[in-house]
Number of protein chains: 2
Amino acid sequence: MSAEYLFETNSSPDIASDSDVELRDWKSDYAKPMADIGIKQLAKILGISTASVSRALNNPDRVSDAMRKRVQDAAKQTGYRPNKMGASLRTAKTKNIIVIIPDISDSFNSGVIRSIERAASDRGYSVLFGDTQGIREAEISYGDMVRTRQADGIICFSHNLPFSDSDLDSENFKMPPIVNSCEQLQSLQLAGRAIPLVTIDNVAAGREITKHLLDLGHREIALITGDIDSPSTQQRLLGYKLALKEANIEFRQELIYEGEYTLEAGSSKTAEILSNSKRPSAIFCMCDETALGCLYTLKKNNVSVPTDISVVGFDDIKFARYFSPALTTVAQPVDEIGKQCVEILLDVIDGQTIDQKTVILPHKVVVRDSTQSISS
Amino acid sequence: MSAEYLFETNSSPDIASDSDVELRDWKSDYAKPMADIGIKQLAKILGISTASVSRALNNPDRVSDAMRKRVQDAAKQTGYRPNKMGASLRTAKTKNIIVIIPDISDSFNSGVIRSIERAASDRGYSVLFGDTQGIREAEISYGDMVRTRQADGIICFSHNLPFSDSDLDSENFKMPPIVNSCEQLQSLQLAGRAIPLVTIDNVAAGREITKHLLDLGHREIALITGDIDSPSTQQRLLGYKLALKEANIEFRQELIYEGEYTLEAGSSKTAEILSNSKRPSAIFCMCDETALGCLYTLKKNNVSVPTDISVVGFDDIKFARYFSPALTTVAQPVDEIGKQCVEILLDVIDGQTIDQKTVILPHKVVVRDSTQSISS
DNA sequence: TAGCAGAATGTAAACGTTTACATTAATTGT
DNA sequence: ACAATTAATGTAAACGTTTACATTCTGCTA
């Protein structure tokens, strides 16, 4: 948290006292004994067995019409809410999934998450989430939640499995339902197990966006990568190399700037680029946030985009089209990614066989105003 | 989803086959019987009672050193993971909190969420989240989760209580632990109950940022609001009016443009502003995303910021300083808001009395490049 | 009318913990 | 050395559901 954030306390009129209402004390309210009713009391009230209540509520067709109506009415009447813990314990299903994510406030991620939440909710699942900040211990502790029966499955945004090495090595370790989103697992971690993955084809995408630049006549294309260890970065980099090779252009390591999927990396790495003697005519940022940081530094140094330098990003976050200039980038089907993740995960949880271990969703390069032909 | 997103399927080399590893079938792996061990088996293995195991693990000081070591070792050895459902059922505590939020992909929200997650995690709680998209039914269904014992408390970003009206009216309705984040509850919903709130002083903030504009000599300040029903919008609007009054400037309704906290609203409302005969010299957007939309449309219409028009935002999302021009805005202490929310909530859950029903955190107007004196 | 199938309901065990209470072991004071 | 404490452990009930199995009811057929 930067110095800019050293807030001074500002005293001000208390906006919170809509004091036309008189407020009861809330704590005492909470301290009241739970008025809640359980299945037993409900059964007793109705003079029937708990089994009937349960059936009327969960398997309405296994019960007579009269019975069904009677207990459903009573349930509504009394405000009966079945205790999911009791149910979960008995059924060994939680109807929760956990999503493990390095940074939930990343624009691309939060888009996918939103979609996940919606899809899960549609199928009666809730989603817990764990923001790991890339910390291994955090990953592992969240991964543990399915073994402690707090969740039925995992959607993972990391290229690491959320389990400790010792667990992974263990003979009787059982892989819980898990699907990877956007990041392929490192094969050394796989240990012979195939984990479903939903992603785009990052190498194709990297190749295409590079080709776009190439087609515009660019020959010196700097690259600001994400975390160099991440498969998506590696794949996009491979795509970049492929495109160069296809165009018979020599790959030059000095044009590669190792960064991160962050604004700051984009900004600082661009400064580095600018500080070098000969400037590239284009910069390929491996994510849109990075591209924004890049645009920022470019403008600060009075190099104009796209006139002086073309810039492309990756992801097509919702802000991208509002950048100045509007960003050329490759769009990922955020909604579909999220949806597929939960579809697959829930299928696995339900014990269905998965036909496709990895689903590759279509991407699309969208050309906007941050790139232009080098000759013009 | 716009037409731009009509992806064509692109066939491409399957990047996923690192086929140097041979993959076992995953489904069959999952289908294996649960190898997991329970407290009973662990107890039997050690030849002790389940009570001792439980104590050694949860109340290590209530047990002899030898015993503690023995079972902890065995637990690690066997990979014993206590079933939280069993525990929750017994203890009536879930160690979950749920956060109910209209849009998790909103930049400001996701910042707060991240902070919430961290704080909760630090205190041993997990967080579930529900993205309601502003839909009342969704709010209510998520609110229900504490009554179904899936969570111990609620952090709510809406100005509505996540309970049905009939529940609220009900005589024996018991308010669960809940705290509001950023949005004050509508007083009519309060029904006599005081709900903790953590927020900034929106009217002071609105007043200050308006005053900033006023000090620069601006007299015609257009305002693009958030959802006009939301208290935060109302409060910021009030601040705007207050500042005008202090400066002896007449409030003019035609300068008020009712929008939303979105990029699109910023863009479209700015177009409206521009279409009117006399232009304001400044625009106050009630959130940064809106401001970005505003900047975008301004630029598209060749009005330059801040030369022709000054623009201010609200929130200071992480992108704000990277906008072009860098955005003058009011910073909210995102991290602190999240932290305080969980502190208070967990205190309430623990049955402690809350001294402060509403905590007002300090904000700060941060001046960057999107505003300038009107004379210059 | 007796017999019987099928539907409707009831009985009670089970899920995996925690914990009040009972018991046994260890420690202290005299 | 023997009570009297205190510490350590064990026993078994309880949490709130679901569900296999047993029982009762209903309506038909022969």
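Student: Does S230(B) count as buried or exposed?
Tutor: This is a predicted model, in which local features need pLDDT of at least 70, side-chain atom pairs count only at pLDDT 80 or more, and totals for chains, interfaces and linings use all residues. Residues are numbered from 1 along each chain as its sequence is written, chains are lettered from A and ligands numbered from 1 in the order in which they are written, and side-chain values use heavy atoms, with hydrogens and water left out. Buried means under 20% relative accessible area, exposed over 50% and partly exposed in between, with a 1.4 Å probe and protein chains only. S230(B) has 4% relative accessibility, so this residue counts as buried.

Student: Which side chain makes a polar contact with the side chain of S230(B)?
Tutor: S230(B) is in the loop between strand 6 (221-224) and helix 11 (231-246) of chain B; helices (H or I, at least four residues) and strands (E, at least two) are DSSP runs, numbered from the N terminus. Leaving out residues up to four places away in sequence, S230(B) touches H159(B), E183(B) and Y261(B), where contact means heavy atoms within 4.5 Å. A polar contact is a pair of N or O atoms within 3.5 Å; within protein, one must be able to donate a hydrogen and the other to accept it, and residues adjacent in sequence count only if both atoms are side-chain atoms. At 3.3 Å, the partner side chain is that of E183(B).

Student: Is N248(A) buried or exposed?
Tutor: N248(A) is in the loop between helix 11 (231-246) and strand 7 (256-257) of chain A. Its phi is positive, about 60°, although N248(A) is not a glycine. The relative accessible area of N248(A) is 72%, so this residue is exposed.

Student: What is the phi of R149(A)?
Tutor: R149(A) lies in the loop between helix 7 (136-147) and strand 3 (153-156) of chain A. The residue is not a glycine, yet its phi is positive, near 65°.

Student: What is omega for the cis peptide bond from V305(A) to P306(A)?
Tutor: P306(A) belongs to the loop between helix 13 (288-300) and strand 9 (310-312) of chain A. In chain B, a cis peptide bond joins V305(B) and P306(B), with omega about 5°. For V305(A) to P306(A), omega is near 5°.

Student: Which residues come nearest to DNA strand C?
Tutor: A residue is near a strand if one of its heavy atoms lies within 4 Å of it. There are 27 residues around DNA strand C. Those that come nearest are S52(A), I39(B), S54(B), N58(B) and R90(B).

Student: What percentage of the residues of chain A count as buried?
Tutor: The secondary structure of chain A comes to 14 helices and 12 strands. Among its contacts between residues at least 6 apart in sequence, 72% join residues at least 24 apart. Of its 376 residues, the buried share is 56%.
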